[in-house]
Amino acid sequence: MSSEHHARHHAQVLVASNRGPVSYAVRDDGTLDAKRGGGGLVSGLSAIGPDTDALWVCAALTDGDREAVRRGVGEAGVRMLAIDAEVHADAYNGIANSVLWFVHHLLYQTPLEPAFGSEFRRQWAAYEAYNRAFAEALAAEAAPDAAVLVQDYHLALVPGMLRELRADLRIGHFSHTPWAPLDYFRMLPDDIAAQLLRGMLGADRLAFLTRRWADAFVGCVSGVLGPDALGATRIGVHGLGADADFLRERSRRDDVEERLVGLRSQIGTGPSGDVRKTIVRVDRTELSKNILRGLQAYRLLLESHPEWRERVVHLAFAYPSRQDLEIYRAYTAEVSRVASEINETFGTPGWTPVVLHVKDDFARSLAAYRLADVALVNPIRDGMNLVAKEVPVVSDEGCALVLSREAGAFEELGDDAVVVNPFDVSGTAAALHSALVMPSAERAERTKRLAAAATSLPPAQWFLDQLTELRG
Ligand code: G6P
């Protein structure tokens, strides 16, 4: 069904997010190539069944997306909004990625930034316009009393705007990120901080990945707007889990087996002929993922425990993210530079200490999960971190998890992980060492418990619970 052919006011369940479930590219011959994404919302929406009229409202992000909107082609159940490209860039790169993401992940170098002046105000106006475009599309598409599930910091103003347009709707908002503590959140100009919170409070229910982020939000509301400002808005916590059935099946397919063979030959064997130990990390190259301190910790491990030289390999998969932003490009370059430096310092003809892959390859990520002896998940701050939950599910023989206490997943997985302060490089090196020497029986036991905790709330259930709560 093309987005132009939608009957108005029909959808009973609506999801709104910046990035949608499908993206288009224009092929050389002018035709459009559609790529479908995965994730919790995709499995959630498919779980509500064909009898419910569901609609996903998202932004056109690529030239192909815009072309698809122009031609009126598209997937059934998806409506892409062709928001003006400059407005979108200011809202997405300027506000969502460079301000809100930084605030919630505590990423500013405060002696230099942020400096909220006229450029910020200009971008904020774009953020408002972009949120308004979503609110208007949702208002036009929603059936009476429909449930609308708005996603993330990109769309923080949508609940309030939509409430003004359609008082009958049940509006939920879900934050997939952490929420900033009050003292940090207050760096935002006072009027903006208040507007953001009021925008969110337009929802009937606001949900977060952990209790910690939910509490931080409530703290910001009372600190910025006053003690009773929460009003009738309910707060919930839904800790998205890994999709065990999907992962177990997907990670046994032929393409993953092929990648296993390739990775094993890159890892190789140590001086005594034993297969080398492997420390795996898989991330998008996000500033919040702390890839550089992870490499520094590995370097320190090789310095302080020279017995590991030639006997361990660090497989680091750092996939491109948000490359429109200069600071992301610089960070990506620095990750490569530090990896090469470690290889130049320690490498030998038969041993490459860090194997860095930057091209996104899901099958290869799964292969790495299967063979990892140690998984390194050390974000500065992270809403949940699904890698920490996926590795134990897929691991062939058990994997020790080195986990940052600042990841949302820590709340559920902390007991069976080797826990680190992500800023403590020496502590992380020591954690890598204890993970590497963990006896295999203990590793296997812990992995079993980690996998059970990681899969306790599968994506479809995570989504349906939110819907039930919103309607209840
Ligand atoms: C991470 C966060 C999500 C966010 C997404 C946006 O996955 O956990 O909260 O929506 O990044 O990424 P994008 O590539 O669309 O900027």
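Domain 1 and domain 2 of this predicted model bury about 1700 Å² between them, and 55% of that area lies on carbon and sulfur atoms. The size of an interface is often given as the accessible area lost when the parts come together. On the side of domain 1, three residues stand out: W101, R212 and L240 supply 26% of the area that this domain buries against domain 2, more than any other three residues.

The two domains are set out by the domain assignment of the chain. Domain 1 is made of two stretches, 3-240 and 461-471, while domain 2 covers 244-454. Their C-alpha centres are 31 Å apart. Where the domains touch, 24 residues of domain 1 and 20 residues of domain 2 take part in the contact.

Polar links also cross this boundary. Nine residue pairs, with both residues at pLDDT 80 or more, are in polar contact between domain 1 and domain 2. The rule for salt bridges finds one across the interface. R212, already named for its share of the buried area, has a side chain that forms a salt bridge with the side chain of E406, at 2.7 Å from N to O.

Which elements give two or more residues to the side of domain 1 that touches domain 2? They are α3 (85-105) and α8 (211-225). Of the elements on this side, α3 gives the most, with eight residues. By residue class, the side of domain 1 that touches domain 2 holds 13 nonpolar residues, nine polar ones and two charged ones.

Note on methods
Residues numbered from 1 in each chain as written. Predicted model: local features only at pLDDT ≥ 70, side-chain atom pairs only at ≥ 80, totals over all residues. Heavy atoms only, no water. Domains from an automatic or database assignment. Contact = heavy atoms within 4.5 Å. Buried area = accessible area lost by both parts, 1.4 Å probe. Salt bridge = Lys/Arg side-chain N within 4 Å of Asp/Glu carboxyl O. Polar contact = N/O pair within 3.5 Å; in protein donor to acceptor, adjacent residues only side chain to side chain. Helix = DSSP H or I, 4+ residues; strand = E, 2+ residues; numbered from the N terminus. Nonpolar A, V, L, I, M, F, W, Y, C, P; charged D, E, K, R; others polar.
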